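Here are a few friendly notes on the charged side-chain pairs, for you to follow alongside the structure. Please keep it open as you read.

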Amino acid sequence: MSTALPLTPIAPPAAEGDRVALGKQALKRAFLDNLYYIQGKFPALATRKDYYLALAYTVRDRLMQRWIDTAAAYTAHGSRTVAYLSAEFLMGPHLANNLLNLGIHDIVRQAVGELGLNLEELVRQEDEPGLGNGGLGRLAACFIDSLATLQIPTLGYGIRYEHGIFQQDIVEGKQIERTDKWLRHGNPWEIVRPEWAVEIRFGGRTDRYTDERGRLRVRWIPARIVNAVPYDTPILGYRVNTANTLRLWRAEAPESFDFSVFNRGDYWGAVNQKVVSENISKVLYPNDEQLQGKALRLEQQYFFASASLQDMLRIIRVQNIPPEHFHEKFAVQLNDTHPAVAIPELMRLLVDELAIDWDRAWSITRATFGYTNHTLLPEALESWPLSLFGSLLPRHLEIVYEINAHFLDEVRIAFCGDEQRVARMSLIDEGGERYVRMAHLATVGSHAVNGVARLHTQLLERHVLRDFHELWPERFTNKTNGVTPRRWIALANPRLSRCITQAIGDQWLVDLEQLRRLEPLVEDADFRAQWRDIKRANKIALASLIRERTGVVVNPQAMFDVQVKRIHEYKRQHLNILHVIGLYHRLRSDPHLQVEPRVFVFAGKAAPRYEIAKLMIRLITAVGGTLDRDPAVRDLLKVVFLPDFNVGNAQRIYPAADLSEQISTAGKEASGTGNMKFQMNGALTIGTLDGANVEIRDAVGPENFFLFGLTAEQAQQRLAEGYRPVDVYHGHAELHEVLDLVRDGFFSRGDGTLFHPLVDHLLHHDPYLVMADYPAYTQCQQQVESAYGDVERWTRMSILNTARSGRFSSDRTIREYCAQIWNVEAVEVNLTRQQQWQAGLTQ
């Protein structure tokens, strides 16, 4: 259905300067131009999607000048450049972010308003690119934002997945996955660069030969070739001229249609190569339970790692930089182990393609790469079966063997006679089926290794990578994660953003430590009242969204107790819902019990094949349905599962939260960044000493943080001593009752089998110590209850959480990477006039 503009005559084509002008009239003319000339619509036929696209192209025009001038400045400066390799970039919607960074949000609102349109409605038309699962991809997006804001020369490299993370529906309490079709209307923010496409090889064999200088060389003869085509998106910094590039690779067949095969009558075979080739960038993280899925995932990782390195070599050729100086031009950061195959690939390119000797190539490679580890979970430390790795990447397996041989010689010299250590540190796991250990490869091939929170780094050094830390202690550093305040306060919470700016000015958006200046206002009664009004307004907005998406009506006056993140046992959403059941049981047992009304909000996606996680979602929704049907409690307790958690939804959830649930098993969460987003928006945290929670508690003060649970050391000790969760069950009356209600079908309408797998797993395995931490968790929740009942105390605590969140800006994290790992400096970009470029063409 079209949404027609008022019958205003379409303006004549915009003047040349209007392509970059930021005034209201110029923006209106450009908007109507793009509707007419790009969308091919006039107002009577245009839809809201057409209007969004016309506005997006209008804004992109304003980015182009900055983007081109940025590239020119970097080339002229010969800038050392950060190349950030990540399998995920969960960027979120672009339009509102670009309006903010350009400083034209209010002008654009007025411009489209005068044309009879609502800016917020247009912003909501954007299809969010779901190119990540959660924290890893969102961190990459925050880093790319900060790198541009700090004017650091940067290229972000990843995969342009045709289908991102699935869209989630909740049907009869169950998660249903739907295909993400974020490209169905096109992507106005990207520009395809087919002239920079590169070839990616797979399979085949290797041959030895002697070159014209008598050197023994290796030639890789692949079984098949795929083209990698770059799609570029400008990433603008906040109120600067810098626009860096996010370069995502799409897989294409070298020939999309085999006419000779078609003429023989094999119609399927004529397009088969195109289908097989494009599968590589078809979907984010294929199911890798089967061998074909594992092969495709390894293909994806090599595909974007090789394409990115070949692109960097193209850049140094254009800039006349010898390949021996590759490491001086590029600082390449591996965002977890997914791009670790880039290490043998760079060796292949330097040794096989550019004829650089092994020792020199290895020196260049090590000086190029830094490795960020993001996990302590053994199953998430990637390893690839040797047979699979060798069949897809035969030359790289030879290179890995060679790297390993040199490395193990170094280990034997450093730890003479310790063959067990040698076996532990080897790049090849020799136990049973042999595997390539990608975390080991990333560590050996990098000059710097970092964790992402103080505790996480300590655990890496003491346990996961202990042998490597003992060999190279100087390589290990901590870089605690951060998030961008531009998206997570200014965009997500404009009411709070205006309040802060009125109180302390607007420099906090680029220097988040300035939020400390809010601390004295804790004692200002009017400021506290304003703070509460903002939170109330945000809760009303979230309540409206909840009703729209789920049909559940919630009370904005209640405490909003929120846990939103990927559904996983170690994140312990089941601990949270067991507490809700315990609270429900207490209310039913004692009708006179006084409790603060609460709305428990859950959101997050479970991996499609992760049955226990999907069962946790079913339990959450089942408990919510039961409470809603019980008139005795439904005005006191609500449980809501908000479907399809993504960046856009997150921007509406974080500002409304009163309590942030950060309750993972201590020692399992690397850092977490949701905890930081909640804190910045004034939510109080209930949490364990896990990940960045430790540093958040240090920053806000123990009195402003609700702490419970075993420490990482205590958790390890408890498991080592022969933990029996069933003993906790028998020793804790409330927990006993809670689990019996779940197991006996109270929340599944009498179905006594539905939740048996979940309950039995808790009773007889419980690897994440849900049962062990339940008593401490419920006691801590009573402290929360008491604090929330004291409105002024809670408001003071909320203000202090925001005021003391400055350390958790991604700007701080990036400054640390720049100074301590990458050795890069900012480059200021000055805008040139278009006429100067045109003059260059005519000279």
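1. The count comes to 61 salt bridges, where a salt bridge is a side-chain nitrogen of Lys or Arg within 4 Å of a carboxyl oxygen of Asp or Glu. This is a predicted model, in which local features need pLDDT of at least 70 and side-chain atom pairs count only at pLDDT 80 or more, while totals for chains, interfaces and linings use all residues. Residues are numbered from 1 along each chain as its sequence is written, and side-chain values use heavy atoms, with hydrogens and water left out.

2. Do look at Glu-398 and Arg-395, whose closest N and O atoms are 3.0 Å apart in a salt bridge. The two lie three residues apart in helix H14 (residues 394-414), so about one helical turn separates them; helices here are DSSP runs of H or I, at least four residues, numbered from the N terminus. Arg-395 is buried at 7% relative accessible area, whereas Glu-398 is partly exposed at 23% (buried is under 20%, exposed over 50%, partly exposed in between, with a 1.4 Å probe and protein chains only).

3. Glu-419 and Arg-412 also form a salt bridge, at 3.3 Å from N to O. Glu-419 is partly exposed, at 42%, and Arg-412 is partly exposed too, at 35%.

4. In the salt bridge between Glu-548 and Arg-549, the closest N and O atoms are 3.7 Å apart. Glu-548 is exposed at 58% relative accessibility, while Arg-549 is partly exposed at 35%.
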